[in-house]
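Reader: I am new to this structure and would be grateful for a close look at how one part of it is put together. Please start there, and then connect it to whatever surrounds it.

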Amino acid sequence: MFDKEKIDQISKSKKEWEETKLDKVLSRFPERKEEFKTGSGEKVERLYTPEDIKDLDYMEDLGFPGEYPYTRGYQPTMHRGRLWTMRMYAGFATAAESNQRYKYLVENGSTGLSVAFDLPTQIGYDSDHPLAEGEVGKVGVAIDSLADMEILFDGIPLDKVSTSMTINAPASALLAMYIAVAEKQGVSADKLRGTIQNDILKEYVARGTYIFPTEESMRLITDIFEYCSENVPKWNTISISGYHIREAGSTAAQEVGFTLADGIAYVEAAIKAGLDVDSFAPRLSFFFNAHNDLLEEVAKFRAARRLWARIMKERFGAKNPKSMMLKFHTQTGGSTLTAQQPDNNVVRVAIQALAAVLGGTQSLHTNSRDEALALPTEDSVTIALRTQQILANESGVTNTVDPLAGSYYVEAKTKEIEDEAMKYIDKIDDLGGAPKAIDRGYIQQEITDAAYDYQKAVESGEVVVVGMNKYKSDKEPKQELLKVDPQVGEMQKERLTKLKSERNNEAVEEKLEALRKACEGDDNVMPYIVDAVKEYATLGEVCGVMRDVFGEYEQNVML
Amino acid sequence: MSKTIRVLVAKPGLDGHDRGAKMIARSLRDAGMEVIYTGLRQSPEQIVAAAIQEDVDVIGMSILSGAHNHLFPKVIKLLKEQNAEDIMVIGGGVIPEEDIPGLKEMGVKAIFTPGTPTKDTVEFIRNNVNK
């Protein structure tokens, strides 16, 4: 971007500045710390100049928004054209209660739904399974069958909203129920918009709600890709997630590297299953975290966009530009919230949300101040949603596209994260790809090491967390917390018993048997799952059949 | 100190958040204790069996899903049934303040909530373990 002569001149002047101005100041007023670091522990220089981005080629590395390599945004007008989807992740207790919360959010300006399921649902157990005891309705809504799903979306027109469902191992079953509910509303599958998380690799690494072994899980995922490309074309079939990798303690560069390595594995699996890259790649979406180091986070989003575009074009030979565009949802960083002085979390969330907006996010969930203590109350959720609305309407950062482009620091950092992430991808390639690297525990180990470094830095005071290891206060205000009714488990059990006495059990048996055969053979399992859930086969029954045929994943326990 | 303190770090229930459990396990190990980590999705029965088999002094359970009021007491009950109540039980995770007195009454020795320095947990174990 700069000619060599000018760079040499800047370099020379910088040296002079250091020797004359800077040294004088430093000798009298030493800096606050020996070394300054990002939130991920990477060194930050005192000053960035054109010299730090002298190799940056505007057309090749940045380009224009909506053009390869999409560093400046996947689309030409970005937030001037359309704001991001304000999508608040919510769900607890019963379908009826969650339905009320969704309606409340939509009435208050939320523009997309995001369903949180309870752990038994996420692991494919019905509410009456012994392992579900104590967990029903706790971290999300309990869904046992289509009957619950009908209540969950009651009065919500599925042709008008887009719905994101955080569901992975049993994603095909929940998507099938969604399709079935829509059909009952008179909405055909080709009109449905939304996302299923469906990213099993990061479950093995960081989130823990896996069911089936790696190979079988990859088959289920590619079956969904194929089924949706024909039947639910507007559906994002996967949300390849760095969020949980970061929450588990990774650095920003690891978040990008490990997430894109997972993405590569899904693309390879689908190509191996005989799909054309451009038939499914446009429906891949991503999900990233936003932590407190504002500029590092902005650089991270830009780096991820550029690197994915290059991978899709150069490595996989994608032809359709849509296959190269990294579109992403962002959630603010749950692990950055403190249980101490929880109102401070409102400020953290605002900074993190700002990073996501400046980084060009397509949708955003802002965490609530009380989430280090419990599920959020309605008041807390409202503040979190309002935070997004203030950013959108008052901050001015949406008026121009990719406003931090050209900042010497942000551009240098973007390149640094891209390079660092690429190193991780190369290493994972050497190990035989993400699934193998995960089986060997490589990715888990790297994340745990980074998490432990951070923990030690917090405990030594090198990293300051306001209200927790500095600026502590003895008086903690009493918090109103959300309480999930402990009777939810019993209520769900009763509903299940009733359902099983009322449905056509013969038809259920028949459909489950057909599903079993499909699992044992090579057929795409999706149509069989859709058939089974329409007869009100329960989630536990559908997943039970798959557990029988596929077996279960064995965790690689390591410290 | 006569003998090295042995700790079972366990993840009861279906919760997959294991960062806290791993951080505590590593910290205890760095503090000179012998640590066995169970991995995810352990039933109370599995936890108690592992604790007895590994002859630990302490069981530390981490849970962030809200199922603590159900799962912690079950572990305590099973320990009693197996005459192993000399094993100290502690817990951590996202546990509301108001639930703590009840858990302590049932026999959980201490609950460490988010933001607790790991050295506090180390110290607590050293001072309270049944030697």
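**Domains, helices and sheets**

Author: The centres of domain 1 of chain A and domain 2 of chain A, taken over C-alpha atoms, are separated by 38 Å, where the domain bounds come from an automatic or database domain assignment. This is a predicted model, in which local features need pLDDT of at least 70 and side-chain atom pairs count only at pLDDT 80 or more, while totals for chains, interfaces and linings use all residues. Residues are numbered from 1 along each chain as its sequence is written, and chains are lettered from A and ligands numbered from 1 in the order in which they are written.

The assignment for chain A places domain 1 at 4–53, domain 2 at 70–440 and domain 3 at 490–550. Where domain 1 of chain A touches domain 2 of chain A, the contact takes 9 residues from domain 1 and 11 residues from domain 2; two residues are in contact if their C-beta atoms, placed from the backbone, lie within 7 Å. On the side of domain 1 of chain A that touches domain 2 of chain A, there are 3 nonpolar residues, 5 polar and 1 charged (Ala, Val, Leu, Ile, Met, Phe, Trp, Tyr, Cys and Pro count as nonpolar, Asp, Glu, Lys and Arg as charged, and the others, Gly among them, as polar).

Two backbone features of chain A come next. The peptide bond leading from A:Tyr68 to A:Pro69 is cis, with omega near 0°, and A:Pro69 sits in the loop between helix H2 (58–62) and helix H3 (78–81) of chain A. Here helices (H or I, at least four residues) and strands (E, at least two) are DSSP runs, numbered from the N terminus. A:Met78, which lies in helix H3 of chain A, has a positive phi of about 45° although it is not a glycine. Most residues other than glycine have a negative phi, and most peptide bonds are trans.

Chain A also holds an open sheet of 9 strands, in the order S7-S6-S5-S4-S3-S11-S10-S9-S8, with parallel pairing; two strands pair if DSSP finds at least two bridges between them. Its edge strands are S7 (235–236) and S8 (238–241) of chain A, each of which pairs on one side only. Within this sheet, strand S3 (residues 85–90) and strand S11 (residues 363–365) of chain A run parallel and are joined by 2 bridges, and A:Thr85 has A:Ser363 as its bridge partner in S11(A). Helix H4 (residues 95–107) of chain A lies across S3 and strand S4 (112–115) of chain A, and runs at about 160° to S3(A). For such values, axes are lines fitted to C-alpha atoms, for helices over the stretch in contact, and angles run from 0 to 180 degrees between N-to-C directions.

Two packed helices are described by the angle between their axes and the distance between the axes. Helix H15 (residues 344–358) and helix H16 (residues 378–393) of chain A pack at an angle of about 45°, with their axes 10 Å apart. H15(A) and H16(A) are therefore oblique to each other (angles under 35 degrees count as roughly parallel, over 145 as roughly antiparallel, 65 to 115 as roughly perpendicular and the rest as oblique). Among the residues of H15(A) that meet H16(A) are A:Val346, A:Ala350 and A:Leu354, and those of H16(A) include A:Ile383 and A:Thr387. By class, this contact of H15(A) with H16(A) has 9 nonpolar, 2 polar and no charged residues.

Another helix pair of chain A is formed by H21 (residues 505–520) and H23 (residues 539–550), whose axes come within 9 Å and cross at roughly 35°. A:Leu512, A:Arg516 and A:Cys519 are among the residues of H21(A) in the contact, with A:Glu541, A:Val545 and A:Phe550 among those of H23(A). The contact of H21(A) with H23(A) has 8 nonpolar, no polar and 3 charged residues.

Beyond chain A lies its contact with chain B, which takes 27 residues from chain B and 31 residues from chain A. On the side of chain B that touches chain A, helix H1 (19–30), helix H3 (68–81) and helix H5 (118–128) of chain B are the elements that give two or more residues, and H1(B) gives the most, with 5 residues. Chain B has an open sheet of 5 strands, in the order S2-S1-S3-S4-S5, with parallel pairing.
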